[in-house]
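Dear colleague,

I am passing on the structure that we talked about, and I would be glad if you could look through it alongside the notes below.

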Amino acid sequence: MFDRIALIGIGLIGSSLARVIAQKGLARHVAIASRSVDTLKRAEQLKLGQSYHTDPAEAVREADLVIVSVPVGSSGAVAEAIAPALKPGTILTDVGSTKASVIAQMSPFVPEGVHFIPGHPLAGTEKSGPDAGFADLFVNRWCIFTPLPDTDPAALDRLAAFWRACGSNIDVMDATHHDKVLAIVSHLPHIIAYNIVGTADDLQNVSKTEVIKYAASGFRDFTRLAASDPTMWRDVCLHNRDAILEMLSRFSEDLAALQRAIRWGDGDKLFDLFTHTRGVRRSIIDAGQEIDVPDFGRHVAEQPAKS
Ligand SMILES: NC(=O)C1=CN([C@@H]2O[C@H](COP(=O)(O)OP(=O)(O)OC[C@H]3O[C@@H](n4cnc5c(N)ncnc54)[C@H](O)[C@@H]3O)[C@@H](O)[C@H]2O)C=CC1
Ligand SMILES: O=C(O)C(=O)Cc1ccc(O)cc1
């Protein structure tokens, strides 16, 4: 499909791409760049590509597809570093969880003739690093593109065909809308998880041992999200600030109403809300979306020992 693909960043997403590219034969040569020498060595041990580079510019030379998979706050620096080595006609894309900020950071460095198409696979786990990836991460998941007004439709088709070959379904929307949608369906859930786990950890009259010992499955679900990569999520919060603050303010209002219903013993209100939200989950299942992350069983190494 491509002669040479350059993967800049070889963590969970970059290494999953490397694995699916190898499995499906989507490129003749995969050039891998990481600024961390240890990560690069690990990628080489895992045989994730054909060449390994600490200088991202070296990796992108002669590449016809470049995929940037680094924390969103580093996108601008990466674009600046690779820009002089990109050849005309190359497709440059990314996988960042926020889109308007990535576009603002990368666009100024994109040379004439290079097709910059921002993207976001809605697929991931709480794990990070090159060992965490797996080839079927993107299967039956959405990949959203947020193309710029002057995006070449043929380049977009080519990139869409690549992601379809990785197993994904494609959607296209503008970056501002993407950032609002993702703020509510992905960013807020992580922020709420970080917060509730932090609150539980801070409690004076409930010991840490009790939190661990009696953690019900609801709380365990939060601890999975709250175990996600701190650098990645710091960057998401800083780079989707406005949409996250807008959704947090709606969330806080609704939480205050829920708090009031509990305080005043308004059982009808609680029952109505809980009935309505149950319907939302039903709709997701009916729409054929995966609810449970199917790879957990296989990829969660730290299953608790049975006693
Ligand atoms: N983890 C997830 O579930 C998902 C993450 N994303 C997005 O994908 C991107 C990558 O995330 P992961 O692969 O999960 O992270 P990761 O932490 O597993 O890997 C990030 C990689 O970027 C490298 N890196 C960090 N700063 C760099 C810099 N300044 N220059 C060059 N390389 C640098 C790291 O060495 C590492 O190889 C992020 O933008 C994230 O928002 C998108 C979908 C899902
Ligand atoms: O692990 C989870 O539940 C996720 O939600 C993974 C995820 C994290 C960030 C994204 O931008 C997309 C997917």
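Predicted model: local features only at pLDDT ≥ 70, side-chain atom pairs only at ≥ 80, totals over all residues.

Residues are numbered from 1 along each chain as its sequence is written, while chains are lettered from A and ligands numbered from 1 in the order in which they are written.

An open sheet of six strands runs in the order β3-β2-β1-β4-β5-β6, with parallel pairing; helices (H or I, at least four residues) and strands (E, at least two) are DSSP runs numbered from the N terminus, and two strands pair if DSSP finds at least two bridges between them. Because β3 (51-53) and β6 (115-117) stand at the edges with a single partner strand each, one side of each is left without a neighbour in the sheet. Strands β1 (residues 2-8) and β2 (residues 27-33) are paired in the parallel sense over six bridges, and A6 has A31 in β2 as its bridge partner.

Helix α7 (residues 175-202) and helix α11 (residues 241-263) have axes that come within 9 Å and cross at roughly 60°, where axes are lines fitted to C-alpha atoms, for helices over the stretch in contact, and angles run from 0 to 180 degrees between N-to-C directions. This makes α7 oblique to α11, given that angles under 35 degrees count as roughly parallel, over 145 as roughly antiparallel, 65 to 115 as roughly perpendicular and the rest as oblique. On the side of α7 the contact is made by D179, K180, A183, I184, H187 and L188, and on the side of α11 by A243, I244, M247, L248 and F251, two residues being in contact if their C-beta atoms, placed from the backbone, lie within 7 Å.

With helix α9 (residues 217-225), α7 packs at an angle of about 110°, the axes being 8 Å apart, which means that α7 is roughly perpendicular to α9. Here P189, H190, A193, I196 and V197 of α7 meet F222, T223 and L225 of α9.

Finally, the residues around ligand 2 are S97, L122, A123, G124, T125, E126 and S186, a residue being near a molecule or strand if its C-beta atom, placed from the backbone, lies within 6 Å of it.
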